[in-house]
Amino acid sequence: MLSVPARTVASLTLRATMGRRRALVFMIPPLILVLVTALLKAANPERADWPSLILGSFGLAVVLPLTALIIGTSVLGAEIDDGSVVHLLATPVPRSTVILSKFAVATGLTVLFAAVPELLAGLIATGPSRLAAGLFLGAVVGSVIYNAVFVMISVLTTRAIAVGLLYLLVWESLLSNVVSGVRVLSVSQYSLGIANSVARDANLNAHLGVATAAIMGALVTVAALVLAIRRLSAFSLKGDAV
Amino acid sequence: MSSIELRSVSRWYGNVVAINDITMTMGPGVTGLLGPNGAGKTTLLHLISGFLEPSRGELTVGGAASWRNPDIYRTLGLVPERPAVYAFLTGLEFVRATARLHKLPDPDRAAERSIAIVEMAAAQDRKIATYSKGMRQRIKVAAALVHDPEVLLLDEPFNGMDPRQRLHMMDLLETLGDEGRTIVFSSHILEEVERLSGTIQVIVAGRLAASGDFRAIRRLMTSRPHVFLVRTSDDRRLGAALIGRPAVTGVEMNTRGLQVKASDYGTFSREIAGLTREHGIQLRELLPEDESLESVFAYLVEN
């Protein structure tokens with residue numbers, strides 16, 4: 001049972017995130033995914049290789065991280081940017097409650113705007129199948145890990161979106177395709193590894209086994225959340241210029 | 001009752017010293033932190049409220065360190081200067097959410113009571129986004145008061161308020177102080193502090209420049225040396241007459257007129273009119289040249 005402060009933080013976060021016009025932005029990438037999948041299905045009803053390619057390379061590797069980036073960096077980052085976080089932090093609510101509540105909301109929204117559309121696209125492409133189930137599971141797990149990382153980044157820096165984009169573009173898209181060791185520290189690879197454990201589809205290009213993906217994913221999630229809590233506990237306001 | 005204690009507290013950012021070795025105690029009643037913009041008042045309030053770590057020294061509120069100690073907010077309320085509030089909430093929702101964050105047993109009632117104190121009941125169901133700056137300020141005070149704190153810190157609380165709201169807020173702070181709470185507010189406006197607080201702490205360039213009873217400090221301020229620019233029908237003759245007066249410490253003639261340094265504001269102001277009349281000189285202009293708050297503060301630092 002969630003405590004009253006945890007529910008209050010979650011409710012404030014949900015209203016702040018969904019109330020902004022940004023909520024419309026959340027819907028664009030999943031809409032594109034579902035539409036593209038529907039178009040491909042109409043154009044290539046018989047070919048078997050495109051669903052895993054589009055849903056893996058676009059769904060898991062682009063739509064999921066982008067949605068998580070926008071949501072994960074805004075649930076706390078927006079309040080830090082405009083200063084309203086002071087009203088939340090000038091209360092005896094444990095900082096762990098603040099971080100975990102916001103992380104839970106961000107994860108829930110990412111599941112709604114990225115994992116559910118991924119499932120929907122999987123069902124459109126292949127009907128009820130191992131691929132659709134695997135992609136959904138991978139996207140849910142990815143939502144958890146990505147949001148832990150992006151919430152942490154939003155506490156560490158005021159340029160969270162830029163730093164998050166750099167991570168996605170340079171680390172995940174570029175380096176992890178060139179340097180094999182980098183894949184062990186790639187959230188995208190954790191998602192693909194988990195997805196592939198169910199889907200068993202070579203076209204997903206999963207480079208990590210399920211055990212490595214699960215252990216590393218859990219470690220990264222816990223480490224990111226612990227660091228976020230520690231940094232928020234030492235949250236400082238800037239004073240007047242001297 | 002909780003008191004705020006600072007012992008040799010300093011705070012610096014790299015090479016810049018924002019707060020320099022401040023030792024002070026603030027107890028029940030209203031205390032004004034007075035100082036020019038950029039003097040370090042906000043930094044000091046952030047230090048007290050646990051939103052900044054002292055680089056050196058000890059700082060306690062009710063005997064407990066405030067840095068990295070969220071429990072301090074059970075007895076402390078903060079009204080920050082930045083106007084950012086959860087603008088998508090109504091005033092009532094905002095104050096009630098704050099009550100819930102404090103885990104108050106009856107958040108609805110606590111919110112209602114607090115909103116009534118700041119006289120915002122009529123606007124409580126409107127979104128904060130539609131509030132004026134003064135209304136936002138008052139709803140922030142309601143949120144800070146919702147858990148009935150012993151210590152209330154307010155950063156420039158009168159900014160953006162119209163005169164009626166200002167008077168109401170002053171009365172409110174006075175009442176809260178009279179109830180035995182420790183109320184500390186910052187301001188760069190002398191008259192606000194004068195009207196409200198018996199005790200003031202004057203902060204200049206990160207240092208505690210003066211501390212204590214407002215009236216004593218006000219006397220010090222008005223009896224300090226002043227520089228006036230005087231223009232008359234015969235500057236040279238008036239200059240000769242002025243230099244013989246004990247209240248005048250220096251006279252200089254320049255292209256603009258006579259620059260007179262007076263050791264005592266009050267005495268000089270009284271004497272100048274009689275002196276010009278006595279010598280048949282027509283007084284055309286009398287301008288104080290250093291009436292900026294900064295010069296008042298600079299004098300306090302030097303003395």
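This is a predicted model: local features need pLDDT of at least 70, side-chain atom pairs count only at pLDDT 80 or more; totals for chains, interfaces and linings use all residues.

Biologist: Which residues does Leu175(A) touch, not counting residues up to four places away in sequence?

Modeller: Residues are numbered from 1 along each chain as its sequence is written, and chains are lettered from A and ligands numbered from 1 in the order in which they are written. Two residues are in contact if their C-beta atoms, placed from the backbone, lie within 7 Å. With residues up to four places away left out, Leu175(A) touches Val170(A) and Val182(A).

Biologist: Is Leu175(A) buried or exposed, or partly exposed?

Modeller: A residue is buried if 20 or more other C-beta atoms lie within 10 Å of its own, exposed if 12 or fewer, and partly exposed in between. Leu175(A) counts as partly exposed because it has 15 C-beta neighbours inside 10 Å. Its C-alpha lies 9.6 Å from that of Ser186(A), a residue 11 positions away in sequence.

Biologist: In which helix is the place of Leu175(A), and how should I read such an element?

Modeller: Helices (H or I, at least four residues) and strands (E, at least two) are DSSP runs, numbered from the N terminus. Leu175(A) belongs to helix H8 of chain A. The expected span of a helix is 1.5 Å times one less than its number of residues. H8(A), residues 160-178, has 19 residues and reaches 25 Å from first C-alpha to last, close to the expected 27 Å.

Biologist: Where does H8(A) bend?

Modeller: A bend is the angle between axes fitted to the seven residues ending at a residue and the seven starting there. In H8(A) the bend is about 30 degrees, at Trp171(A).

Biologist: Which residues of H8(A) are buried?

Modeller: An α-helix has 3.6 residues a turn, so residues three or four places apart point the same way. In H8(A), the buried residues are Ala160(A), Gly164(A), Leu168(A) and Ser176(A). They pack against helices H3 (50-74), H4 (77-82), H7 (130-156) and H9 (187-199) of chain A.

Biologist: Which residues touch the most other members of the largest nonpolar core?

Modeller: In soluble globular proteins, nonpolar side chains tend to be buried together. A nonpolar core is a set of buried Ala, Val, Leu, Ile, Met, Phe, Trp, Tyr and Cys residues joined through C-beta atoms within 7 Å. The largest core has 141 residues, and Val149(A), Val151(A), Val95(B), Ala142(B) and Leu153(B) touch the most other members. H7(A) gives the most to this core, with 17 residues. A second, separate core of 10 residues includes Val230(B), Leu238(B), Val251(B) and Val260(B).

Biologist: How many residues does each chain bring to the contact between A and B?

Modeller: Chain B brings 34 residues and chain A brings 28. On the side of chain B that touches chain A, strand E2 (16-26), helix H1 (41-48) and helix H2 (91-101) each supply at least two residues.
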